[in-house]
Amino acid sequence: MRSYTPAEKRERGRLFRKGAWQAVSDSVDPRLEARIQGIDQAAEERGARELQALRDKQEADRQAVADAKATARTARGTDRQAARDAVKAAEKQLRTTERVVYRAERS
C-alpha cells in the first residue's frame, strides 16, 4: 500500500509529465526516475506503517468485542440491555475497521 501526501502527489505528477516529454525525445534524465523512485519508496514505507496501525486497531476492536460479550454474558437485571447494546456497538466498530483494513490491503 502506498500513501502519498498531497505534495508528493503533485511532485510525482510534475516529474512524470516532465519525464514523458523527455521520453518523446529519448533523453530521459536518470535523476527524474531516481526522484520518482524516492517518492514511491517513502510512500510505500508510510503505507506500511499505516496498514500496521490499522491492523493493531482491528485487533483492539476484536478484543473490545470479546470483552463486551463476556460482560453481556455475566450481566444480570437492568445491566443486561446496556451490555447487549455495548456488544452491538463494539461489533459495529469492528465491522467498520475490518472494511477499512480490507480496502487498505487491496490498494
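1. A salt bridge here is a side-chain nitrogen of Lys or Arg within 4 Å of a carboxyl oxygen of Asp or Glu. By this rule the count comes to eleven salt bridges. The model is predicted: local features need pLDDT of at least 70 and side-chain atom pairs pLDDT 80 or more, while totals for chains, interfaces and linings use all residues. Residues are numbered from 1 along each chain as its sequence is written, and side-chain values use heavy atoms, with hydrogens and water left out.

2. Helices are DSSP runs (H or I, at least four residues), numbered from the N terminus. E8 is buried, with a relative accessible area of 14%; buried means under 20%, exposed over 50% and partly exposed in between (1.4 Å probe, protein chains only).

3. R2 bridges to E44, with the closest N and O atoms 3.2 Å apart. This pair also links distant parts of the chain, from the segment before α1 to helix α2, 42 residues apart. R2 is partly exposed at 45% relative accessibility, and E44 is partly exposed at 35%.

4. Within helix α2, E59 and R62 lie three residues apart, about one turn of the helix. The closest N and O atoms of their salt bridge are 4.0 Å apart.

5. D26 sits in the loop between α1 (6-24) and α2. D26 has a positive phi of about 55° although it is not a glycine, and counts as exposed at 71% relative accessibility.

Definitions and conventions: Helices (H or I, at least four residues) and strands (E, at least two) are DSSP runs, numbered from the N terminus.
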